[in-house]
Structures are given as structure tokens and as C-alpha cells.
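Q: Let's go through this one together, a piece at a time. Please start wherever you like once it is on screen.

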Amino acid sequence: MARHDPLRNFRFRLEIDGIQMAGFSEVQIGAITTDVIDYREGTDPPHVRKLSGLTRFGNITLKSGMTTSLELFHWYQQIVSGQLVNNRKQVTVVVADESGADQARFVVSQAWPIKYQPSNLNATGNEVVIELLELANEGIERVA
């Protein structure tokens, strides 16, 4: 029987609308949850039935070292200016194994930025400036 070791969390890349985006230091994929509805009719046994309700897809948080590129900030600015319809994107998180081969893919549908935040600046520090972009979405699916 073949051994299947768990994938490590440090080898990944992002594709936004099929374009590979490099340089993300952290990606947080939000939880997928389905509400539970308690239901009981008068003729049911003396306990409630559990029915499925709405499914909710958690936000995606992207963190990257700040560079001179304004691409992520401009995407957020388009949303701020009311251009949501044309700025929903498909975001794919690809997880690779230790050799760099793709092993898992999370496809995030209809994603758009809801928060942009640069990290604090400190004249005595030596950390990298991090940009945070939080994305709302309408679906997260693991396809591989």
C-alpha cells in the first residue's frame, strides 16, 4: 500500500483569474459552514429533526510583502469606486508537495476585496512591510 504523507503548508502559489501571482507569505482560507435548522412537526417523535440551511463561505486573507506593484491595491480601489460587477475574480490556491508538484487546488469563486491594510511602520524595526487583502467570495471548492 502506498504511503500518503500530509502536505506541508509552506509550498503554495496563488492564481488570480488564471494569472500566477507570486510573493504571498500567507494565505488563510476561510471555513465553509452550513447552518443547521431544527424542525419538528406535531406528529414527529419527541425530538427535533436537523435540516440543512444556508451554506456560508468564509473570507480569504492574503498577505504579501509590499513591493512597488500597485495591482492588489488598484483591485481594491475599483471596488471602493463602485465597480464590483466587473471585478469579481476566480482565485485559485495551489498547494505543492516538497518536490514542487501540484497536489491540491482550492478554487474560490466570485472573489472581491473587502479590506486592504498595510502593516505598521517602525523606524527601529527590520521586518518586511506586509500588505493584507481580505476577499469576500461566493464559493470555495477543493478540486484536487
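A: A place to begin is G18, which sits in the loop between β1 (12–16) and β2 (19–21); strands here are DSSP runs of E with at least two residues, helices are runs of H or I with at least four, and both are numbered from the N terminus. This is a predicted model, in which local features need pLDDT of at least 70 and side-chain atom pairs count only at pLDDT 80 or more, while totals for chains, interfaces and linings use all residues. Residues are numbered from 1 along each chain as its sequence is written, and side-chain values use heavy atoms, with hydrogens and water left out.

Q: Okay, is G18 buried or exposed?
A: G18 is exposed, with a relative accessible area of 65%, where exposed means over 50%, buried means under 20% and partly exposed lies in between (1.4 Å probe, protein chains only).

Q: And how far apart are G18 and V91 in space?
A: Their C-alpha atoms are 7.8 Å apart, although G18 and V91 are separated by 73 residues in sequence.

Q: Switching to aromatics: how many aromatic pairs does a search of the whole structure find?
A: The search finds 2 aromatic pairs, with Phe, Tyr and Trp (six-membered ring) counted when the ring centres lie within 6.5 Å; planes under 30 degrees apart are called stacked, over 60 edge-to-face, and the rest tilted. In one of them, the centres of the F73 and Y116 rings are 4.9 Å apart and the planes meet at 65°, so that pair is edge-to-face.

Q: What about Y76 and Y116, what kind of pair is that?
A: The rings of Y76 and Y116 are stacked, because their planes are at 25°, with the centres 6.5 Å apart. Since Y76 lies in helix α1 and Y116 in strand β8, the pair ties together parts that are 40 residues apart in sequence. Taken together, the ring pairs link F73, Y76 and Y116 into a cluster.

Q: Which of those are buried?
A: Y76 and Y116 are both buried, whereas F73, at 28% relative accessibility, counts as partly exposed.

Q: Staying with Y116, what is its bridge partner in β9?
A: The bridge partner of Y116 in β9 is L133. Strands β8 and β9 run antiparallel and are joined by 6 bridges, and two strands are taken to pair if DSSP finds at least two bridges between them. Strand β6 (residues 60–65) also pairs with β9 in the antiparallel sense, over 6 bridges, and there G65 has I130 as its partner.

Q: How many of the residues in β9 are buried?
A: In strand β9 (residues 130–136), 6 of the 7 residues are buried, which leaves the strand mostly covered.

Q: Now charges. What's the count of salt bridges?
A: The count comes to 12 salt bridges, each defined as a side-chain nitrogen of Lys or Arg within 4 Å of a carboxyl oxygen of Asp or Glu. Among them, D35 meets R56 with the closest N and O atoms 2.8 Å apart, and this pair links distant parts of the chain, D35 being in strand β4 and R56 in strand β5, 21 residues apart. D35 is partly exposed at 28% relative accessible area, and R56 is also partly exposed, at 44%.

Q: Which residue forms a salt bridge with E138?
A: That is R88, where the closest N and O atoms are 2.7 Å apart. E138 lies in the loop between β9 and β10 (139–142) and R88 in the loop between α1 and β7 (89–96), 50 residues apart; R88 counts as partly exposed, at 26% relative accessibility.

Q: Which residues are linked in a network of salt bridges?
A: R13, E15, D102 and R105 form such a network, and within it the side chains of E15 and R13 meet at 3.4 Å, N to O. E15 is buried, with a relative accessible area of 13%, while R13 is partly exposed at 22%.

Q: Last one: where does D44 lie?
A: D44 is in the loop between β4 and β5 (49–57), and at 16% relative accessible area D44 is buried. The D44 side chain reaches the backbone nitrogen of E41 at 2.9 Å.

Notes. Polar contact = N/O pair within 3.5 Å; in protein donor to acceptor, adjacent residues only side chain to side chain.
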